[in-house]
Amino acid sequence: SRTVKLAVIPGDGIGPEVVGEALKVLDAAVQGGDVRFEQTPFSLGAARFLETGDVLTDADLAAIASHDAILLGAVGGVPGDPRLANANIERGLLLKLRFSLDHYVNLRPTVVYPGVPSPLSEPGDVNFVVVREGTEGPYVGNGGAIRQGTPHEIANEVSVNTAYGVERVVRYAFAAAAARQGKLTLVHKTNVLVFAGSLWKRVVDAVSAEFPDVAVDYLHVDAATIFLVTDPARFDVIVTDNLFGDILTDLAGAISGGIGLAASGNINPDGTYPSMFEPVHGSAPDIAGKQLADPTAAILSVSLMLSHLGLETEAARVATAVTADIAARTGAARTTTEVGDAIAALAANR
Ligand code: NAD
Ligand code: IPM
Ligand code: MN
């Protein structure tokens with residue numbers, strides 16, 4: 001029998017609500033099998049900061065890193081809360097985890113499930129994955145301000161793109177495309193961001209020689225937002241930088257029927273560090289504590305996690321349960337717990 005050490009970071013707002021349902025479904029999917037998930041909860045996020053002043057201690061980071069995988073709900077307080085002004089939870093906790101654990105692939109799939117009410121009247125057969133670079137770009141924190149607070153302030157945010165970093169994520173994206181429909185779209189802004197754009201373009205061209213069966217396409221990010229709305233079925237694998245990937249995947253979540261359906265994995269493909277699975281959405285302070293959050297994104301993130309751990313049968317069980325639940329949705333409002341219970345029952349009933 002196998003034991004998987006799982007670090008659980010429920011986080012803030014709706015994070016604990018959706019993680020509770022995701023763990024319920026995980027239990028249902030693995031019950032009766034010979035794999036056991038040994039869970040360690042970590043109290044991290046805005047609530048922890050307000051209590052102790054800690055964002056992410058070295059001891060917490062080391063403890064998390066000693067696990068096989070991480071499940072995270074969402075972190076971050078109410079935007080504008082003055083008590084959190086200097087906390088920088090997003091950068092000091094979430095991004096610190098992604099950077100320290102070398103999560104260079106941020107995998108964000110989008111599927112328009114049969115029966116789901118997409119805001120697009122005829123979305124078509126939508127099934128694509130965004131491979132978002134996870135450890136570089138404008139997220140590195142290589143910025144600074146000069147003369148802050150004066151009329152002559154200069155605020156710089158520098159996007160860092162390395163040949164090494166771009167190549168490894170592009171190679172991952174090609175391999176993903178080769179295993180799917182064989183279509184790769186590079187999304188960037190090469191007409192304006194000429195240095196980073198040129199690097200991304202040259203790397204894609206070079207790696208493309210190793211994948212003759214993958215058709216390569218390029219879109220500027222602004223045009224990509226048009227096609228994500230007018231013809232999302234055209235996409236198979238999109239590879240893009242950290243910031244563009246962030247923006248495109250909230251849009252992708254919206255077209256797929258809601259951000260509450262969008263799952264993600266922060267992957268360290270080399271297996272040096274544990275990968276981290278989390279819904280694309282945030283802590284949603286506007287609906288927290290009201291049983292209004294859709295836990296499906298967190299549940300689908302568990303499916304991504306199971307697949308990453310090589311537990312394909314269990315991963316498929318969760319995905320199939322979600323598909324069945326979505327197909328049966330009538331439009332009547334259900335609580336967070338009711339959705340989790342329904343999907344867990346489907347995952348257990350096999
Ligand atoms: P958000 O994703 O939390 O919310 C955006 C909108 O989507 C809100 O109206 C919210 O109610 C809705 N929504 C989100 N998840 C939902 C769900 N599961 N079901 C139904 N509706 C849902 O984004 P935001 O408001 O920009 O950010 C709130 C906080 O979360 C901020 O502190 C932000 O930094 C943080 N954040 C954290 C993560 C993360 O931990 N991975 C991701 C994004 C934002
Ligand atoms: C996401 C979030 C994060 C990001 C924030 C909270 C740092 O928006 O996971 O999409 O920008 O990556
Ligand atoms: Mn985001």
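These exercises work through a predicted model, one region at a time.

Residues count from 1 along each chain as its sequence is written, and chains are lettered from A and ligands numbered from 1 in the order in which they are written. Local features need pLDDT of at least 70, side-chain atom pairs count only at pLDDT 80 or more, and totals for chains, interfaces and linings use all residues.

**Exercise 1. List the residues around ligand 2, then sort them by class.**

Step 1. Apply the cut-off: a residue is near a molecule if its C-beta atom, placed from the backbone, lies within 6 Å of it. The shell is Gly76, Glu90, Leu94, Leu95, Asp246, Val280 and Gly282.

Step 2. Sort by class. Ala, Val, Leu, Ile, Met, Phe, Trp, Tyr, Cys and Pro are nonpolar; Asp, Glu, Lys and Arg are charged; the others, Gly among them, are polar. The shell has three nonpolar, two polar and two charged residues.

Step 3. Find the main contributor. Helix 4 (residues 89–100) gives the most, with three residues. Helices (H or I, at least four residues) and strands (E, at least two) are DSSP runs, numbered from the N terminus.

**Exercise 2. Decide whether Pro295 is buried or exposed, and name what it touches.**

Step 1. Locate Pro295. It sits in the loop between strand 12 (275–279) and helix 9 (296–308).

Step 2. Count neighbours. Buried means 20 or more other C-beta atoms within 10 Å of the residue's own, exposed means 12 or fewer, and partly exposed lies in between; C-beta atoms are placed from the backbone. Pro295 counts as buried because it has 26 C-beta neighbours inside 10 Å.

Step 3. List contacts (C-beta atoms, placed from the backbone, within 7 Å). Leaving out residues up to four places away in sequence, Pro295 touches Glu17, Val18, Glu21, Ala22, Thr336, Val339 and Gly340.

Step 4. Take one partner. Ala22 is 273 residues from Pro295 in sequence, but their C-alpha atoms are 7.0 Å apart in space.

**Exercise 3. Identify the buried residues of helix 6 and what covers them.**

Step 1. Pick out the residues. In helix 6 (residues 194–208), Ala196, Trp200, Val203, Val204 and Val207 are buried.

Step 2. Check their placement. They cover an arc of only 100 degrees around the axis, so they lie on the same side of helix 6. The arc is taken from the directions from the helix axis to the C-beta atoms. On the other side, Val194 and Phe195 are exposed.

Step 3. Name the cover. It includes strand 7 (154–160), helix 5 (163–179), strand 8 (183–188) and strand 9 (215–220).

**Exercise 4. Trace how strands 11 and 12 pair.**

Step 1. Pair the two. Strands pair if DSSP finds at least two bridges between them. Strand 11 and strand 12 run antiparallel over four bridges. Gly265 partners Phe277, and Ser264 stands opposite Glu278.

Step 2. Strand 4 (residues 105–111) pairs with strand 11 in the antiparallel sense over three bridges, with Val105 opposite Ile267. Strand 3 (residues 69–74) pairs with strand 12 in the parallel sense over three bridges, with Ala69 opposite Ser275.

Step 3. Check burial. Five of the five residues of strand 11 (residues 263–267) are buried, so the strand is largely enclosed by the rest of the structure. Five of the five in strand 12 are buried, so that strand is largely enclosed too.

How values were computed: Two residues are in contact if their C-beta atoms, placed from the backbone, lie within 7 Å. The expected span of a helix is 1.5 Å times one less than its number of residues.
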